[in-house]
Amino acid sequence: MAFRRRAKSHPLFSQEFLIHNHADIGFCLVLIVLIALMFEVTAKTAFLFILPQYNVSVPTADGELVQYHYGLKDLVTILFYIFIAIVLHAVVQEYVLDKINRRLHLSKVKHSKFNESGQLVAFHLTSVIWCLYVVVTEGYISNPRSLWENYPHVYLPYQVKFFYLCQLAYWLHALPELYFQKVRKEEIPRQLRCISLYLLHIAGAYLLNLTRLGLILLLLQYLAEFFFHMARLVYFTDENNEKLFNVWAVVFVVTRLFTLTLYILVIGFGLPRVESQALDPERGNFFSFLFNNILFRMSVLLLVCLFQASVMWRFIHFQLRRWREYWNEQSSRKRAAAAAAAGTKQQTKLLKRDSGYHENGVVKAENGTSPRTKKLKSP
């Protein structure tokens, strides 16, 4: 008990130390794993953290091709890249976002939103470029049939598996960052919902062997999110500049339509063609075998359609409210301008009445009568 009291009072166990030095702790852990690669005794264990596991040689027409499938050891690799994500998060925050915040002098609420959007802009831009490279090199865009042909896609290319592991690591690292970044209590439920949805979709695509479909859906989602958070950054620097929000609105609607079309095409029409397949636990098609039946597949498709409809409803409601506020602001400006013009005109009339004015070449007094010269009485 005495040791516990001393440990709790020690600076290494304090809350402030963890908040301000979590990136340094993550960097030290990463460094320990990298140093372990230098020694033969620990190199094999270190490779579990760094490289994807479960590699299999798959025979092809040109020879053998090394591919991968998933397993429990992936959790070790994901843990290592969680620490990598924490370190990169701190680097972006300290060397980019904090320097911009010092120049902008934002309020506390805007400061928190600016940091959130800045981190997500960096992540989404990197993910869009990386995901686009993967889907182009693997031929998923040029051959849409590959999204459902030969399903389940149990064996993955190295770059596909590594991409999914890094995506899971990033969104899992976002959970402790809510504590380390001292996010306001009002914002925590919204961010938890967002993180949970991303983890659910990415892990679902990974475990159900829908990685090809998941790559294209992530590309569309990250593209729309990149424009949204970029528009927020521009808005925080100049509140009169909202043009990028219009670009985001167009991209958002287009990506929603493509997303819903892909879900219906792949889950509704493509997967039924490869529905009758035997269960093979050694091959790793347990989850995909459970998924690829008409009841479960149609249930998932229905949930996806309802979710996309709710997203579009919130988007339309947001746009209508934004346009209503814009037109109210414009009408109030017009009324203010008209009132100012009427006041100026009234003030001009009052000035004319006070100083007199000319009518038909005769100077009129303020009561409208012509000034007459006073007659002098004769003595």
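The model is predicted, so local features need pLDDT of at least 70 and side-chain atom pairs count only at pLDDT 80 or more, while totals for chains, interfaces and linings use all residues. Residues are numbered from 1 along each chain as its sequence is written, and side-chain values use heavy atoms, with hydrogens and water left out. Helices (H or I, at least four residues) and strands (E, at least two) are DSSP runs, numbered from the N terminus.

**Helix α4 against helix α5**
- Helix α4 covers residues 74–104 and helix α5 covers residues 108–137; they pack at about 135°, with axes 10 Å apart. Axes here are lines fitted to C-alpha atoms, for helices over the stretch in contact, and angles run from 0 to 180 degrees between N-to-C directions.
- The pair is therefore oblique; angles under 35 degrees count as roughly parallel, over 145 as roughly antiparallel, 65 to 115 as roughly perpendicular and the rest as oblique.
- α4 passes α5 in a right-handed crossing (near helix turned clockwise from the far one by less than a right angle; anticlockwise is left-handed).
- On the α4 side, residues including H89, V92 and L97 meet an α5 set that includes H111, F114 and G118; contact means heavy atoms within 4.5 Å.
- This contact has five nonpolar, seven polar and no charged residues. Ala, Val, Leu, Ile, Met, Phe, Trp, Tyr, Cys and Pro count as nonpolar, Asp, Glu, Lys and Arg as charged, and the others, Gly among them, as polar.

**Helix α5 against helix α6**
- α5 also pairs with α6 (residues 158–180): their axes come within 11 Å and cross at roughly 165°, which makes α5 roughly antiparallel to α6.
- The crossing of α5 and α6 is left-handed.
- Among the α5 residues in the contact are F123, W130, C131 and Y133, and among their α6 partners are F162, F163, Y170 and W171.
- By class, the α5 and α6 contact splits into twelve nonpolar, six polar and no charged residues.

**Cysteines**
- Searching the whole structure turns up zero disulfides (a disulfide being a pair of cysteine sulfur atoms within 2.5 Å).
- C131 is buried, at 0% relative accessibility, whereas C28 is partly exposed at 44%. Buried means under 20% relative accessible area, exposed over 50%, partly exposed in between (1.4 Å probe, protein chains only).

**S57 in strand β1**
- S57 sits in β1 (residues 55–60) and is partly exposed, with a relative accessible area of 45%.
- Leaving aside residues up to four places away in sequence, S57 touches E64, L65 and V66.
- S57 and Q67 are ten residues apart in sequence, and 6.3 Å apart in space, C-alpha to C-alpha.
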